Amino acid sequence: MTIQTHTPADVPAKNTKNSSVSTVDAPERDKGKDGRGATTVADGVVAKIAGIAIQEIPGVHALGGGAARAIGNLREKVGQKDLTQGVNVEVGQTQVAVDVTLVVEYPHPLQEVADNARNAVYTAIEDLVGMEVTEVNVTITDIHVPSEDADADDIEREPRVA
């Protein structure tokens, strides 16, 4: 049985002076923070983190435009919720740009919801992914009025007047 006495952070990076391949000229991204390898985060992971962060914001009813929400509703009915719906990301080597499309619940102030969503995306990506967020563009495509959902129930109720 082998017992590990050092964590990976305790083990010093290998000396590359005598190696036939020099890492001195290699870009910083190829070495990682400790010089022992690189980490690549897929675009979908960054988009999912942004989507999760935005859904927790008060006043956000849904992510995505009309067609995306319709497809998202179908996916939810079969148990496959798309957490990246309405979120587009552009991931570079060290920076991320995010575009978000959302529906806001009435009567929440639109600018306040957009600012809160933007802040949540900045915080989540910078904290969890460790990349710099250059911009978060928020597009509000609709306002959800709670009475719209109640209108469907009105059909089944008895009329108030004869």
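**Figure 1. The loop that holds Gln 85, between α3 (66–77) and β2.** In this predicted model, Gln 85 is placed in the loop that runs between helix α3 and strand β2. The relative accessibility of Gln 85 is 14%, and because buried means under 20% relative accessible area, Gln 85 counts as buried. Gly 65 lies 20 residues from Gln 85 in sequence, and the C-alpha atoms of Gln 85 and Gly 65 are 8.9 Å apart in space.

**Figure 2. The chain as a whole, with five helices and four strands.** The chain has 162 residues, of which buried residues make up 24%.

**Figure 3. The largest nonpolar core, with 28 residues.** Which members of this core touch the most other members? They are Ile 54, Val 98, Leu 102 and Ile 125. Two or more residues of the core are given by each of α2 (43–55), β1 (60–63), β2 (87–91), β3, α4 and β4 (132–144), and α4 supplies the largest share, with eight residues. A closer look at Ile 125, leaving aside its neighbours within four places in sequence, shows contacts with Val 46, Ile 49, Ala 50, Val 96, Val 98, Gly 130, Met 131 and Val 133.

**Figure 4. Helix α2 and the elements that cover its buried residues.** Helix α2 has 13 residues, and from its first C-alpha to its last it reaches 19 Å, which is close to the 18 Å expected at 1.5 Å a residue. The buried residues in α2 are Val 46, Ala 47, Ile 49, Ala 50, Gly 51, Ala 53 and Ile 54. What covers these buried residues of α2 includes the strands β1, β2 and β3, together with the helix α4.

**Figure 5. Val 91 in strand β2.** Val 91 has a relative accessible area of 21%, so this residue is partly exposed. In sequence, Val 91 and Asp 43 are 48 residues apart, while in space their C-alpha atoms are 6.1 Å apart. Once neighbours within four places in sequence are left aside, Val 91 is in contact with Val 41, Asp 43, Val 46, Val 96 and Met 131.

**Figure 6. The salt bridge between Asp 115 and Arg 118.** The chain has a count of one salt bridge, in which the side chains of Asp 115 and Arg 118 meet at 3.0 Å, N to O. Side chains of opposite charge can pair when their charged atoms come close. Both Asp 115 and Arg 118 lie in helix α4, where they are three residues apart, about one turn of the helix. An α-helix has 3.6 residues a turn, so residues three or four places apart point the same way. Asp 115 is partly exposed, with a relative accessible area of 32%, and Arg 118, at 23% relative accessibility, is also partly exposed.

**Figure 7. The cis peptide bond between Tyr 106 and Pro 107.** The bond that joins Tyr 106 and Pro 107 is a cis peptide bond, with an omega of about 10°. Most peptide bonds are trans. Tyr 106 is found in the loop between β3 (95–105) and α4 (110–129), and Pro 107 lies in the loop between β3 and α4 as well. Val 145, in the loop between β4 and α5 (146–154), is 38 residues from Pro 107 in sequence, and their C-alpha atoms are 8.0 Å apart in space. With a relative accessibility of 25%, Val 145 counts as partly exposed.

**Figure 8. A nonpolar surface patch formed by Tyr 106, Leu 110 and Ile 143.** Together, Tyr 106, Leu 110 and Ile 143 have about 270 Å² of accessible area. Is Tyr 106 buried or exposed? Its relative accessibility is 52%, so Tyr 106 counts as exposed. Ile 143 and Ala 62 are 81 residues apart along the chain, and 9.7 Å separates their C-alpha atoms. Ala 62 lies in strand β1 and is buried, with a relative accessible area of 19%.

Technical notes. Residues are numbered from 1 along each chain as its sequence is written. This is a predicted model: local features need pLDDT of at least 70, side-chain atom pairs count only at pLDDT 80 or more; totals for chains, interfaces and linings use all residues. Side-chain values use heavy atoms; hydrogens and water are left out. Buried means under 20% relative accessible area, exposed over 50%, partly exposed in between (1.4 Å probe, protein chains only). Patches are made of residues with over 30% relative accessible area and no salt bridge: like charges are joined within 9 Å, nonpolar side chains (Val, Leu, Ile, Met, Phe, Trp, Tyr) within 5 Å. Accessible areas come from the Shrake-Rupley method with a 1.4 Å probe; for residues, only the protein chains shown count as cover. A salt bridge is a side-chain nitrogen of Lys or Arg within 4 Å of a carboxyl oxygen of Asp or Glu. A nonpolar core is a set of buried Ala, Val, Leu, Ile, Met, Phe, Trp, Tyr and Cys residues joined through side-chain atoms within 4.5 Å. Contact means heavy atoms within 4.5 Å. The expected span of a helix is 1.5 Å times one less than its number of residues.
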